[in-house]
Amino acid sequence: MLGFLLSAMVQAWAPRGRLEHALGGRGPRELALASGLGAASSSCSYAAVAIAKSLFQKGASLASAMAFQFASTNLVFEIGIVLWVFLGWQFTLAEFVGGLLLIVLMWIGIRALVSRREEERARERARAVDTGHQHESASGSRVLSLDSWSDVAQNFRGDWGMLWKEIIGGFLIAGFIALLPKAFFNDLFLTGTGGAPQLIENVLVGPLVAVLSFVCSVGNVPLAAVLWGGGISFAGVIAFVYADLIIVPLVLVYGRYYGWRLTAVIVGLMFGAMVAAALAVDGIFSAAGLVPEKRPSIESITERGISWNYTTVLNIVFTFVAAALFGLTLRGAARDPVCGMSVDHGKALSAEHHGRRYFFCGTGCRSKFEAEPDRYAHA
């Protein structure tokens with residue numbers, strides 16, 4: 001909820017020119033700024049992708065958007081705490097060190113393999129795909145005004161409208177996968193052999209297992225702890241934790257926004273960066289004697305129950321926040337006859353047909369209506 005709220009704020013309030021100036025370049029300055037903003041946003045994988053998409057649409061470079069995305073899921077307080085609780089402080093330190101390496105490797109890869117021309121084509125595609133959700137904004141309104149927050153609410157609802165199938169499908173599949181015996185996952189890895197063969201196999205298979213598990217962000221840490229307890233290598237666990245941004249539902253989102261050719265490049269770069277970062281961290285920590293020797297029992301991980309804590313309170317708070325935002329979308333609401341979105345008829349684009357006025361969330365939907373008015377008016 002928080003991640004989609006931040007994405008909606010970017011869409012409604014962030015001036016395109018300012019974002020282009022701040023994050024439009026591909027240099028170290030933009031990399032550092034995007035990484036800092038990502039770490040501060042502290043989002044789950046789905047929401048991180050939504051915010052990165054919004055930044056990219058507004059003029060941020062692809063390198064900056066990807067740096068934001070990785071920082072938002074790997075350089076955050078929550079995942080560090082959960083890693084410490086389940087696996088120990090060494091894994092928390094490895095996550096942050098490797099996360100920085102991951103961001104730098106991804107940045108280098110995008111600069112080397114994705115041209116500015118290809119990046120601009122992807123930006124045009126991302127804007128076109130999202131045309132149905134680009135609401136007319138009350139740009140002159142104060143941030144604390146009701147009109148301004150109505151814009152945020154419309155964009156919040158628009159992001160959910162675009163991604164709810166991938167999110168629900170991902171969590172549903174993850175729920176069924178959680179019912180599999182823990183030995184199922186450990187049997188996918190070489191364990192107990194030691195040496196380079198186990199290290200290489202683990203670090204290559206770790207991200208693939210994460211892709212198949214459909215679990216995102218902090219949610220994959222307990223499964224990582226099960227894998228560590230089952231005997232896979234330190235590097236394999238780290239590679240598994242990094243791979244939350246290439247699970248199948250998110251790859252489908254990348255394909256929708258960036259096109260499949262660029263998605264193949266992005267996912268390939270992500271996989272390569274994850275493997276390289278995990279190997280580098282393993283080498284650094286092995287040389288420093290920081291790889292833990294003691295492994296937890298699998299029962300100590302799987303028998304942890306749901307408890308009342310600060311996360312529960314935040315879930316309740318943001319459920320009310322989401323309800324309030326959805327309620328704001330009903331203010332002066334009209335229904336777009338093309339995409340079905342709820343829009344504010346006080347600001348929405350409109351067109352008249354047979355004496356009746358219809359309202360639209362963006363120019364794309366209005367153009368479709370004007371091309372075939374009888375089809376959409378009837379619907």
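Helices are DSSP runs of H or I with at least four residues, numbered from the N terminus. All views show a predicted model.

View 1. Helix α17 spans residues 310-328 and includes Phe 320. With a relative accessible area of 61%, Phe 320 counts as exposed, because the term applies over 50%. Phe 320 also contributes to a nonpolar surface patch of about 540 Å².

View 2. Ser 54 belongs to helix α4, which is formed by residues 45-57. The relative accessible area of Ser 54 is 1%; Ser 54 is therefore buried, since the limit for that term is under 20%. When neighbours within four places in sequence are set aside, the residues in contact with Ser 54 are Ser 7, Val 10 and Gln 11.

**View 3. The hairpin of strands β3 and β4.** Strand β3 (residues 349-353) and strand β4 (residues 356-360) are paired in the antiparallel sense, with five bridges. Within this pairing, Tyr 358 of β4 is the residue opposite Ala 351. Two residues lie between the strands of the hairpin, in which His 354 adopts a positive phi near 50°.

View 4. The covered face of strand β3 consists of Leu 349, Ala 351 and His 353. Ser 350 and Glu 352 make up the uncovered face. Ala 351, from the covered face, is the residue that stands opposite Tyr 358 in β4.

Methods: Residues numbered from 1 in each chain as written. Predicted model: local features only at pLDDT ≥ 70, side-chain atom pairs only at ≥ 80, totals over all residues. Heavy atoms only, no water. Buried < 20%, exposed > 50% of the residue type's maximum accessible area, 1.4 Å probe, protein only. Contact = heavy atoms within 4.5 Å. Pairing = 2+ DSSP bridges. Patch = residues over 30% accessible without salt bridge, like charges linked within 9 Å, V, L, I, M, F, W, Y side chains within 5 Å. Areas by Shrake-Rupley, 256 points an atom, 1.4 Å probe, with all protein chains shown as cover. Salt bridge = Lys/Arg side-chain N within 4 Å of Asp/Glu carboxyl O.
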